[in-house]
Amino acid sequence: MLYFIGLGLGDAKDITVKGLEIVKQCSRVYLEAYTSILTVGKDALEEYYGRELILADRDMVEQEADEILKGADVSDVAFLVVGDPFGATTHSDLVLRAVNAGIQYRVIHNASIMNAVGCCGLQLYNFGETVSIVFWTDTWRPESFYDKIKKNRDLGMHTLCLLDIKVKEQSMENLMRGRKIYEPPRFMTVSQAAEQLLEIVQNRRERGDDLAISEETICVGLARVGAEDQVIRAGTLRQLASCDLGGPLHSMIVTGHLHPLEVDMLRLSAATPDALQDLRMTDSSTYTS
């Protein structure tokens, strides 16, 4: 059996009891190491689980999947994923490969940022399509995530923005020379994401477009959700551009229409006492920014 086991969002103890029991019985245990991270490292996980873990980077999962599946038809193999196993499409690909190879699989679910984001007080059923915000470079500055935020805003829906992670990335020079030299890990912060969005807003304003958001749109920054030191900050997009929420991982929400109860919850984590003062009421049960 091939087991896909979610690890949750915090530390080694966030694995479920069922998941831990399976980890202890497997012949090999892989730790997926590129779509997300926990607040603790591989050594802490090995100590708590009582098992050696094999790091599975992007190259292994996407190009050497047969190595992970090897022997899973006659023994138990575990594939550990931070959050929930189906938070990334890569893992659906691994399921399909297992099925095509005649290998049975089972999923042990856990908390994911996709549902834990409700900790900020916004109601999960008011979220639209989730978007990813990537690091810009000098020559690549995509704005497609803004267009999806606009679609959500037009429907009054909130947008969860998952922020870029660069792990085991190569520079263009090393890539072209075929050198296996990797850049230090980088994790996008809420302030960096907000700055990129502000630049897009300015670009669209100069083009004369109808704006989906502005500098005063209420957003929510989240850091290390599920950890003991998690941070939530609600404020305008401009305010979040100057907020320091500490270490990774960060996520951001661009709000849509807000129910009064959601507004009350956001006030608990407001960046400043007046952060939400410019909200407008469109009817007796709806606020907007």
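Arg224 is buried in this predicted model, with a relative accessible area of 11%. That figure falls under the 20% cut-off, which is why the residue gets the label "buried". Its backbone is worth a look too: Arg224 has a positive phi of about 55 degrees, even though it isn't a glycine. You'll find Arg224 in the loop that runs between β10 (218-223) and β11 (231-236).

Pro248 and Leu249 are joined by a cis peptide bond, with omega at about 0 degrees. Leu249 also sits in a loop, this one between α10 (237-240) and β12 (250-254).

Now for the domains. The protein chain splits into domain 1 (2-111) and domain 2 (114-281), and their C-alpha centres lie 28 Å apart. How many residues of domain 1 are in contact with domain 2? The count is 12 residues of domain 1, touching 13 residues of domain 2.

| Interface item | Value |
|---|---|
| Area buried between domain 1 and domain 2 | about 860 Å² |
| Part of that area on carbon and sulfur atoms | 61% |
| Salt bridges across the interface | zero |

Technical notes
Residues are numbered from 1 along each chain as its sequence is written. This is a predicted model: local features need pLDDT of at least 70, side-chain atom pairs count only at pLDDT 80 or more; totals for chains, interfaces and linings use all residues. Side-chain values use heavy atoms; hydrogens and water are left out. Domain bounds come from an automatic or database domain assignment. Contact means heavy atoms within 4.5 Å. Buried area is the accessible area (1.4 Å probe) that two parts lose on being put together, summed over both. A salt bridge is a side-chain nitrogen of Lys or Arg within 4 Å of a carboxyl oxygen of Asp or Glu. Helices (H or I, at least four residues) and strands (E, at least two) are DSSP runs, numbered from the N terminus. Buried means under 20% relative accessible area, exposed over 50%, partly exposed in between (1.4 Å probe, protein chains only).
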